[in-house]
Amino acid sequence: MSGLVTGDAVVLGLQPARLPSRALAVLIDLVVVWAGYLLLTLGLAVATASLDEAAVMAVSIASFLLVLVGAPIAVETLTHGRSLGKLACGLRVVRDDGGPIRFRHALVRGAMGVVEILMTFGVVACVASLVSERGRRLGDVFAGTLVVRERMPAARTVAVPPPPPWLVGRFGGLDLSAVPEGLWLEIRQYLTRSRELDPVVGRRLAERLADELVTRTGTPPPAGVPADAYLAGVVAERQARDARRAFARGAGAAGGAAAPRDGAPMGGAAASGPPGGFPPVAAPAAASPAASPVAPPAAASPGVTPPGAGSGRRSTGFAPPA
């Protein structure tokens, strides 16, 4: 990556194009330009058959400059640095500060290209590109431009590993509305790369992320659940809620139903089953017609022991497995 600095002191991470991709783009441009030049030459030869030799020579020089020099300059100016070959290879010509080029930049590049590419068959341009740290030819150096890659290879997405089966559905009553997106991103990155980490380092990182998650949710994890399994279970619960919310939005567009806020259990006042349509772990109590769309209190949740009841242990707020 090239650290280009704009006039506002902003560092741009751009990847300069190297010689192979630039050579392919130039080859495509030359094929198109030479094909157009040959067709124009044949047409002018027929049209200027009755002229003298000096007039024919003047027309030939004018057509050469117009097609092989003027056309690339006009194309780069109008497209802001994207000729046909660069478009096919995913390249673009930009200024040294990352901005779009103008006519003066394209003019200097085109004038130097006659010497670098046409007169020396690209030898000078190849040598200059290999010597330059950012792959620039002499035309780029004099014009103050740089050829960068526009299309970057897509990053390989890794699926988050599923939680243990005995943890599926245990976090249905967890309030996830206060968990920021930055913490979700850290947890997903840890889960996708946990097998690549050192066991001791991975365990410490999982415990730190689990502590932050517990602080945000306000509910301690069940006893005996490892930190990594707890994180995987909570992430799976959030993904399930997102999927149900997307389905509810699609159904609400047709029936007028409103989707709940992020992190809140789904449900409605007229629901005939338990709030949010979650599968009950135990037999639920009868739903009240005036039930609120938010999560019911712990005393009304199925399978949850109220604080201070039973053996006196602190309630976790999670429903035990069936």
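Modeller: Let's start in helix α1 (residues 19–47), where Trp-34 and Tyr-37 both lie, three residues apart, or about one turn of the helix. Helices here are DSSP runs of H or I with at least four residues, numbered from the N terminus. This is a predicted model, in which local features need pLDDT of at least 70 and side-chain atom pairs count only at pLDDT 80 or more, while totals for chains, interfaces and linings use all residues. Residues are numbered from 1 along each chain as its sequence is written, and side-chain values use heavy atoms, leaving out hydrogens and water.

Now for the rings. A pair of aromatic rings is described by the distance of the centres and the angle of the planes. Rings of Phe, Tyr and Trp (its six-membered ring) pair if their centres lie within 6.5 Å; planes under 30 degrees apart count as stacked, over 60 as edge-to-face and the rest as tilted. By this rule there are three aromatic pairs. One of them joins Trp-34 and Tyr-37 edge-to-face, at 5.6 Å centre to centre with 85° between the planes.

Tyr-37 is buried, with a relative accessible area of 15%, whereas Trp-34 is partly exposed at 36%. Buried means under 20% relative accessible area, exposed over 50%, and partly exposed in between (1.4 Å probe, protein chains only).

Tyr-37 also forms an edge-to-face pair with Phe-64, at 6.1 Å centre to centre and 85° between the planes. Phe-64 lies in helix α2 (residues 53–78) and Tyr-37 in helix α1, so this pair ties together parts that are 27 residues apart in sequence. Phe-64 is partly exposed, with a relative accessible area of 27%.

Technical notes:
Helices (H or I, at least four residues) and strands (E, at least two) are DSSP runs, numbered from the N terminus.
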